[in-house]
Amino acid sequence: MHRSVSWAIFAGLAAFVLLQGVPVRSGDATFPKAMDNVTVRQGESATLRCSVDNRVTRVAWLNRSSILYAGNDKWCLDPRVVLLSNTKTEYSIQIQDVDVYDEGPYTCSVQTDNHPKTSRVHLIVQVSPKIVEISSDISINEGGNISLTCIATGRPDPTITWRHISPKAVGFVSEDEYLEITGITKEQSGEYECSASNDVAAPVVRRVKVTVNYPPYISDAKSTGVPVGQKGILQCEASAVPAAEFQWYKDDKRLVEGQKGVKVESKAFFSRLTFFNVSEQDYGNYTCVASNKLGNTNVSIILYEISEPTSSTLFQEETTTALTPWKGPGAVHDGNNGTSRRAGCIGLLPLLLLHLLLKF
């Protein structure tokens, strides 16, 4: 009974000293000695140590005006606070699973010769960054304005940066919670990454997809020459968001899938017109039209006739090739050019005769 009353009186006196801000007596400024400020991450354990000596008769740890431990006796109800050491040289407690509300001053109070003295340590709780709010994916027409938001929490306050995820993008596009883009272009479409960092843990990142809508433009279309009776292909390529729809016309007549001898094949970014057996009626001017909800564009492509190579043309080409001396790497050239040419012609004569026999 006497011991409990004595501890209660000491604890109450220690709390009074703490609240009134009574200074440590002159000559005892280093006693008792607590730790420097303690920094831990949220969820970790914090150990608070106080160095003492044999002059100490009573000792306690306090948090603001609340008594946590007095000697070996626990005064707080928080199960996370435990006594680690109570020896002649050290008095220490541990706070497990630390949270932000644990941050603040802690006081080691001792009694020697009936004089209470205190020493204070500040607990700093660091918190990993967390993105708590970010803009949703957005679709915008080319030339419009957008504003992206990324809000993050943490201790210390995290640094927020925005980056455009694109092969052509260089560095950060914003070092703020907000990213503003005015007069957006199709080249600025894609994903934008928000990163929040404060060196407590690895940065956290979230992404926002920005879709820029724009009308079609023809990127590639070429006229094609095909002999009669052969297969011919006309192709039209267009870029657009949303993807373009394609239509083909000859004069004022629209060509549709299933038309005899013609196949119309359209994908997201191109359309192909295939003629399986080109006739004289197929030659002419064709119009490819690409359109979406923002507009349309068209281009004219010509399917024209070319002559099919004849057997005499092929024979002339083959003869020219055979009579041309090889001048590639490794060829041996004699100083007597006339002798070399005559020898080459004599050697090729049997080949030419054989070729004529096979032709006729």
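**Exercise 1.** Decide whether Cys288 is buried or exposed.

*Solution.* Start with the cut-offs: buried means under 20% relative accessible area, exposed over 50%, and partly exposed in between, using a 1.4 Å probe and protein chains only. Cys288 has a relative accessible area of 0%, so Cys288 is buried. Cys236 also counts as buried, because its relative accessibility is 0%.

Before going on, note that this is a predicted model, where local features need pLDDT of at least 70 and side-chain atom pairs count only at pLDDT 80 or more, while totals for chains, interfaces and linings use all residues. Residues are numbered from 1 along each chain as its sequence is written, and side-chain values use heavy atoms, with hydrogens and water left out.

**Exercise 2.** Find out how far apart the sulfur atoms of Cys236 and Cys288 are, and what they form.

*Solution.* First, recall that a disulfide is a pair of cysteine sulfur atoms within 2.5 Å. Next, take the distance: the sulfur atoms of Cys236 and Cys288 are 2.3 Å apart, and the two residues form a disulfide. The angle about the S-S bond is -80°, and this link is left-handed. Strands here are DSSP runs (E, at least two residues), numbered from the N terminus.

**Exercise 3.** How many disulfides does the structure hold, and what pattern do they follow?

*Solution.* There are three disulfides. One of them joins Cys50 and Cys108, with sulfur atoms 2.1 Å apart. Another joins Cys150 and Cys194, with sulfur atoms 1.9 Å apart. Counting bonded cysteines along the chain, the pattern is 1-2, 3-4, 5-6.

**Exercise 4.** Describe how the rings of Phe275 and Tyr286 are arranged.

*Solution.* Aromatic rings of Phe, Tyr and Trp (its six-membered ring) pair if their centres lie within 6.5 Å; planes under 30 degrees apart count as stacked, over 60 as edge-to-face and the rest as tilted. By this rule there are two aromatic pairs. In one of them, Phe275 and Tyr286 lie 5.5 Å centre to centre with 65° between the planes, which is edge-to-face. Phe275 sits in strand β22 (residues 270–275) and Tyr286 in strand β23 (residues 284–292), 11 residues apart. Both Phe275 and Tyr286 are buried.

Key. Helices (H or I, at least four residues) and strands (E, at least two) are DSSP runs, numbered from the N terminus.
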